[in-house]
Amino acid sequence: MIKSEKIIRSTCPYCGVGCQVDLQIKDEKIFRVDAPFGVAPNFGRLCTKGRFGVDYVHHPSRLTKPLIRKEIGTKPRKAIGMEGFREATWDEALDLAAEKFVGIVRKKGGDAIGSFCSAKATNEDNYLFQKFVRGVIGTNNIDHCARLCHAASVAGLQISLGTSAMSNSIAEMKDLDVFIVAGSNTSETHPVISTFMREAVVKNGAKLIVVDPRQIEMTQFATRWLRQKPGTDVAVFQAMAQVIIQENLYDSDFIQKRVDGFDDYAASIQESTPEWAEQISGVPAAEIRESARLYANAEKAAIYWGMGISQSVHGTDNALSLANLALLSGNLGKTGTGLNPLRGQNNVQGCSDAGGLPNVFPGYQSVTDPESRAKFEGDWGVVLNPEAGLTTMEMVDAAEKGVIRGYYVMGENPMMSEPDLRHARHVMEELDFVLVQDIFMNETAEYADIILPATSFAEKEGTFTNSDRRVQLIREAVPAPGIARNDSDIIADLAQRVEEKLGKKTTAGFEFDSASSIWDEMARLTPPFQGITHARIEQEDGVHWPCPTPDHPGTPYLFADTFPSGKGQLTPLNYRPSQELPDEEYPLLLSTGRVLYHWHGGTMTRRSKLDDIYPDPTVEVHPKDAKPLNIHAGDWIKVRSRRGEIKVKALVTKRSRPGMVFIPIHFAEAAANELTLDARDPQAKIPDYKVAAVVIEAM
Ligand SMILES: Nc1nc2c(c(=O)[nH]1)N[C@H]1C(S)=C(S)[C@@H](COP(=O)(O)OP(=O)(O)OC[C@H]3O[C@@H](n4cnc5c(=O)[nH]c(N)nc54)[C@H](O)[C@@H]3O)O[C@H]1N2
Ligand SMILES: Nc1nc2c(c(=O)[nH]1)N[C@H]1C(S)=C(S)[C@@H](COP(=O)(O)OP(=O)(O)OC[C@H]3O[C@@H](n4cnc5c(=O)[nH]c(N)nc54)[C@H](O)[C@@H]3O)O[C@H]1N2
Ligand code: SF4
Ligand SMILES: [Mo]
């Protein structure tokens with residue numbers, strides 16, 4: 001057995017569970033990953049990605065030097081591989097990047113730059129990124145993958161409760177009596193959380209209601225499985241609420257003390273009977289009735305949800321329909337209850353908390369609020385843009401119109417993750433300047449003018465904030481490859497160069513001696529972080545924000561006494577159908593999502609041994625749909641939509657409903673987003689990744 005030279009405690013770089021890992025190091029390499037037993041949130045558990053998937057850190061294709069496009073400036077820019085770039089020094093690459101940004105800012109103003117920060121990078125990296133973009137470039141055009149992810153959950157929870165984070169902690173799953181898992185393939189996407197859910201069922205007798213059109217693994221533990229047609233959640237949850245009101249199962253005490261809008265809401269759903277919902281969703285009325293009773297009669301009942309709820313043209317309504325259920329039944333503000341959107345990326349919570357959004361500074365302080373702005377202007381010593389910036393998809397629209405001329409993309413891969421890639425590519429081709437900062441050459445970097453090599457989670461210090469708002473440390477465990485540098489250091493150097501060229505100087509500046517001192521600056525300006533320091537997290541193995549003072553214990557569950565908006569708000573809703581439904585020409589409904597072994601565009605997992613287990617792009621086809629087309633398991637087939645076409649391997653399985661196909665998003669050679677459509681929820685601006693129309697064909 002190999003003996004480790006050192007063991008470094010860190011946080012898994014994949015999903016929002018935020019598992020604590022012990023990286024075992026020999027010869028400056030991670031050769032094994034374990035999990036400490038006594039430490040939250042995972043208590044010794046890891047999934048296959050945390051345990052076996054971090055070998056991407058040592059992949060030979062890591063970016064090691066800054067790269068500059070050989071034919072910089074020619075348009076339309078084309079996607080090119082490594083051969084189209086030449087190596088450069090940091091000074092040359094950063095000087096040129098600064099010159100290009102300054103050129104655009106001088107000509108067109110700061111709002112001509114669009115920027116993407118990263119839910120893979122640390123809180124400290126993202127704080128500094130938004131400080132640079134807001135304070136030096138002078139725009140609020142900053143967003144990240146949260147827009148493509150839980151934006152609708154955020155919008156819905158803001159309306160109903162006045163806040164958006166997961167309300168209860170992972171540790172409380174042991175206290176569940178009843179819980180709903182809606183549109184979350186938890187055992188593949190938040191695997192360690194799913195083990196606590198299973199334990200709640202198997203050991204504690206909790207009852208689980210799964211709401212999902214696919215026969216995901218969680219259905220094996222469910223008391224009830226509501227298998228609806230994709231895109232019909234509002235009807236199902238409205239009908240559950242109708243039963244709760246009609247049968248007097250609601251918590252009138254809770255409603256009287258803590259909820260507004262009951263009478264209007266009750267009047268609005270009189271007609272939303274389970275029979276009505278059955279017509280729309282295909283879920284038997286009796287199942288809806290029984291599920292409503294099970295949920296409302298429980299002592300403590302929680303709701304967990306994922307992308308099946310959020311990624312929809314009516315995602316905000318979906319989230320609101322869940323919030324309505326929790327408010328009606330009083331399942332908020334105590335342990336084992338709550339409204340819990342399971343956050344996806346390792347640091348998507350933190351990236352939003354640190355101000356990586358177009359409308360807010362760190363800690364959700366509004367950029368349009370003069371008081372908040374004055375505070376940041378005072379501290380940073382600059383005048384800030386008073387207008388909220390553009391969201392991810394709005395930046396694409398603005399780039400198409402020529403309003404945005406340059407992109408700064410740190411640790412995101414929009415050329416895989418955005419809907420309707422053909423359109424997204426066309427927009428990319430016409431930009432004046434694209435700067436990408438990543439650990440690998442990805443599909444977005446192929447469009448860059450300059451690529452800056454960053455260090456990975458295993459090569460730097462900082463913090464990630466997991467799904468239940470727990471701020472945890474990552475630590476330097478191995479050396480950086482080549483001359484790759486930490487995201488924060490790159491941003492700081494670039495910011496100083498841009499400041500100099502623009503003749504602008506932030507007073508607090510960009511000189512930091514450590515990630516911990518960047519955290520301290522952010523915490524000083526962000527009330528819910530003020531009790532948290534790196535030293536404290538080190539001692540306590542993580543702290544849940546809000547934590548306003550050093551002697552505050554942190555907050556595992558929210559809303560004990562009140563909601564941020566005062567009272568919770570019940571919201572009347574109307575069911576609306578999806579934008580593009582199957583028809584004669586495109587007879588199947590396409591849903592896209594994830595599998596256990598891979599991560600998003602595959603940049604990391606396809607450079608890991610996990611790729612050996614799941615090497616090919618796939619599509620789930622129901623036997624009823626496969627048979628007439630003579631499609632067999634393992635056949636390569638074509639899937640076509642109005643936007644594009646891909647070739648994938650058929651998995652003939654009853655997992656997806658008849659009339660529906662499911663394609664994972666992880667394969668660049670068959671990107672699901674060649675097929676998806678750019679239809680968005682009007683409030684949250686999130687694209688619908690779960691309903692489009694396609695046709696399949698044997699090859
Ligand atoms: N292995 C792996 N894990 C991941 C990721 C990854 O790429 N790979 N990504 C992370 C990220 S960023 C995120 S956001 C999370 C996402 O985690 P999930 O939300 O669990 O991921 P998805 O695969 O998008 O699946 C959502 C579920 O919604 C169901 N669904 C589809 N349409 C509907 C509908 O109309 N209504 C309902 N109720 N359900 C529907 C699908 O069948 C699927 O089971 O995963 C995180 N974890
Ligand atoms: N069709 C369809 N599309 C989807 C979805 C879907 O369900 N269906 N889901 C959407 C969702 S929920 C999400 S969250 C998005 C995800 O979309 P993205 O965030 O664009 O996807 P990732 O592949 O996770 O991109 C992360 C990038 O960060 C890099 N990276 C890793 N660590 C570091 C680091 O420390 N520093 C830097 N600088 N870079 C680093 C990786 O190499 C990778 O290129 O996709 C969305 N797109
Ligand atoms: S559950 Fe998430 S955080 Fe935990 S090991 Fe798996 S991918 Fe990493
Ligand atoms: Mo996500």
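Domain 2 (67-147 + 346-457 + 482-534) and domain 4 (588-698) each supply at least three residues to the shell around ligand 2. The model described here is predicted. Its chain is divided into four parts, the other two being domain 1 (6-58) and domain 3 (151-342).

**Ligand 2.** The shell around this ligand holds 33 residues, and the closest of them are Asn413, Asp438, Asp487, His600 and Asn673. Sorted by class, the shell comprises 12 nonpolar, 14 polar and 7 charged residues. Glutamine 311 places a polar side-chain atom 3.0 Å from a nitrogen atom of ligand 2. Asparagine 442 also approaches through its side chain, with a polar atom 2.9 Å from an oxygen atom of the ligand. At threonine 455 the approach is through the backbone, where an N or O atom lies 3.4 Å from an oxygen atom of ligand 2. On its own ligand 2 has 930 Å² of accessible area, and the protein covers 98% of this.

**Ligand 1.** Around ligand 1 there are 33 residues, of which Asp212, Gly231, Asp233, Met307 and His598 come nearest. Backbone atoms of the protein lie beside nitrogen atoms of this ligand at several positions. One is glutamate 188, with a backbone N or O atom at 3.1 Å from a nitrogen atom of ligand 1. Another is glycine 308, where the corresponding distance is 3.3 Å. At valine 595 a polar backbone atom is 2.9 Å from a nitrogen atom of the ligand. Ligand 1 taken alone exposes 910 Å², and 99% of that is buried by the protein.

| Residue | Protein atom | Ligand atom | Distance |
|---|---|---|---|
| Glutamine 311 | polar side-chain atom | nitrogen, ligand 2 | 3.0 Å |
| Asparagine 442 | polar side-chain atom | oxygen, ligand 2 | 2.9 Å |
| Threonine 455 | backbone N or O | oxygen, ligand 2 | 3.4 Å |
| Glutamate 188 | backbone N or O | nitrogen, ligand 1 | 3.1 Å |
| Glycine 308 | backbone N or O | nitrogen, ligand 1 | 3.3 Å |
| Valine 595 | polar backbone atom | nitrogen, ligand 1 | 2.9 Å |

**Domain 1 and domain 3.** The centres of these two domains, taken over C-alpha atoms, are 32 Å apart. Contact between them involves 10 residues of domain 1 and 10 residues of domain 3. Interface size is often expressed as the accessible area lost when the parts come together. Here the buried area is about 770 Å², with carbon and sulfur atoms giving 71% of it. Across this interface there is 1 salt bridge. The side chains of arginine 45 and glutamate 199 form a salt bridge with an N to O distance of 2.7 Å. Polar contacts between domain 1 and domain 3 number 2 residue pairs, both residues of each pair being at pLDDT 80 or more. On the domain 1 side, the residues touching domain 3 are 7 nonpolar, 1 polar and 2 charged.

Key. Residues numbered from 1 in each chain as written. Chains lettered and ligands numbered in written order. Predicted model: local features only at pLDDT ≥ 70, side-chain atom pairs only at ≥ 80, totals over all residues. Heavy atoms only, no water. Domains from an automatic or database assignment. Contact = heavy atoms within 4.5 Å. Buried area = accessible area lost by both parts, 1.4 Å probe. Salt bridge = Lys/Arg side-chain N within 4 Å of Asp/Glu carboxyl O. Polar contact = N/O pair within 3.5 Å; in protein donor to acceptor, adjacent residues only side chain to side chain. Nonpolar A, V, L, I, M, F, W, Y, C, P; charged D, E, K, R; others polar. Near = heavy atom within 4 Å. Areas by Shrake-Rupley, 256 points an atom, 1.4 Å probe, with all protein chains shown as cover.
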